[in-house]
Amino acid sequence: INNIQAKMKQIINFLVFVCEHNYFSLQDITVEVIELWKESLSHLAITSFSRYTNTVALFMEYYNANIEEVFSKEHFSALNCVDYKCLRAVKEENKTPNIPAKFFDDMLSTAIKVMEDIEEPSFYRGLSAMLVIETQTGLRTGELFALEKGCVKPLSIFNGEIAYYL
């Protein structure tokens, strides 16, 4: 939902910008106003700039395919202006480094011990169980809280063994 809201806000911001420049119909949007809009975003980081232009391009594609074909190749070319090698380099540079493998192994081992120890308070056992599940499934805490009882299902895999899935 957050992603949908963010994309809708980006599209609305684009349409507000277009209206502020006296274009009141999608059919009237020119490549020039797209260029002006992109200039207004020049203060953004390349990742944000790319997200904005990509969202507007997807909106235009959807509009062309499902409502009325009003956007030309020139409109899309005006939006396709991101240096993807640079974008990839920025994303790599901004990645959070992995924690050291020894620390991760020790943390997981301790979490499993606490989770299985019936003498530990249930609060700490629950936190430990959450940590184990998150490290093994890739789920985030919010997604984990959204799970319901009985959502783990067995599945017979190709060699006859049973695997479990959410």
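Colleague: Which residues in helix 1 and helix 2 meet?

Modeller: Residues are in contact when heavy atoms lie within 4.5 Å. By that rule, Phe14, Phe17 and Val18 of helix 1 meet Val33, Ile34, Leu36, Trp37 and Ser40 of helix 2. By class, this contact has 7 nonpolar, 1 polar and no charged residues. In that sorting, Ala, Val, Leu, Ile, Met, Phe, Trp, Tyr, Cys and Pro count as nonpolar, Asp, Glu, Lys and Arg as charged, and the others, Gly among them, as polar.

The model is a predicted one, in which local features need pLDDT of at least 70 and side-chain atom pairs count only at pLDDT 80 or more, whereas totals for chains, interfaces and linings use all residues. Residues are numbered from 1 along each chain as its sequence is written, and side-chain values use heavy atoms, with hydrogens and water left out.

Colleague: At what angle do the axes of helix 1 and helix 2 cross?

Modeller: One begins with the elements themselves: helices (H or I, at least four residues) and strands (E, at least two) are DSSP runs, numbered from the N terminus. An axis is a line fitted to C-alpha atoms, for helices over the stretch in contact, and angles run from 0 to 180 degrees between N-to-C directions. The axes of helix 1 (residues 2-20) and helix 2 (residues 31-40) come within 10 Å and cross at roughly 120 degrees. That angle makes helix 1 oblique to helix 2. The classes are roughly parallel for angles under 35 degrees, roughly antiparallel over 145, roughly perpendicular from 65 to 115, and oblique for the rest.

Colleague: In which hand does helix 1 pass helix 2?

Modeller: A crossing is left-handed if the near helix is turned anticlockwise from the far one by less than a right angle, and right-handed if clockwise. Helix 1 passes helix 2 in a right-handed crossing.

Colleague: How do helix 2 and helix 3 pack?

Modeller: Their axes are 10 Å apart, at an angle of about 150 degrees. Helix 2 and helix 3 are therefore roughly antiparallel to each other, and their crossing is right-handed. Ile34, Trp37 and Lys38 of helix 2 make the contact with Phe49, Tyr52, Thr53, Val56 and Met60 of helix 3. The classes here are 6 nonpolar, 1 polar and 1 charged residues.

Colleague: At what angle do helix 1 and helix 3 pack?

Modeller: The angle is about 80 degrees, with the axes 9 Å apart. Helix 1 is thus roughly perpendicular to helix 3. From helix 1, Lys7, Gln10, Ile11, Asn13, Phe14 and Leu15 meet Arg51, Tyr52, Thr55, Val56, Phe59 and Met60 of helix 3. By class, there are 7 nonpolar, 3 polar and 2 charged residues in this contact.

Colleague: How many aromatic pairs does a search of the whole structure find?

Modeller: Rings of Phe, Tyr and Trp (its six-membered ring) pair if their centres lie within 6.5 Å; planes under 30 degrees apart count as stacked, over 60 as edge-to-face and the rest as tilted. The search finds 4 aromatic pairs. One of them is edge-to-face: Phe14 and Trp37 stand 4.9 Å apart, centre to centre, with 75 degrees between the planes. Phe14 lies in helix 1 and Trp37 in helix 2, so this pair ties together parts that are 23 residues apart in sequence.

Colleague: Is Phe14 buried or exposed?

Modeller: Buried means under 20% relative accessible area, exposed over 50%, and partly exposed in between (1.4 Å probe, protein chains only). Phe14 is buried, at 1%, and Trp37 also counts as buried, at 2%.

In another pair, the rings of Phe59 and Tyr63 have centres 6.2 Å apart and planes at 45 degrees, so the pair is tilted. Both residues lie in helix 3 (residues 46-66), 4 residues apart, about one turn of the helix. Phe59 is buried at 19% relative accessibility, and Tyr63 is buried at 13%. Ring pairs link Phe59, Tyr63 and Phe71 into a cluster.

Colleague: Which residues is Phe76 in contact with, leaving aside its neighbours within four places in sequence?

Modeller: They are Ala57, Met60, Glu61, Asn64 and Phe71. Phe76 lies in helix 4 (residues 73-79) and counts as partly exposed, at 22% relative accessibility.

Colleague: Where does Asn22 lie?

Modeller: Asn22 lies in the loop between helix 1 and helix 2. Asn22 has a positive phi of about 65 degrees although it is not a glycine, and it counts as exposed, at 59% relative accessibility.
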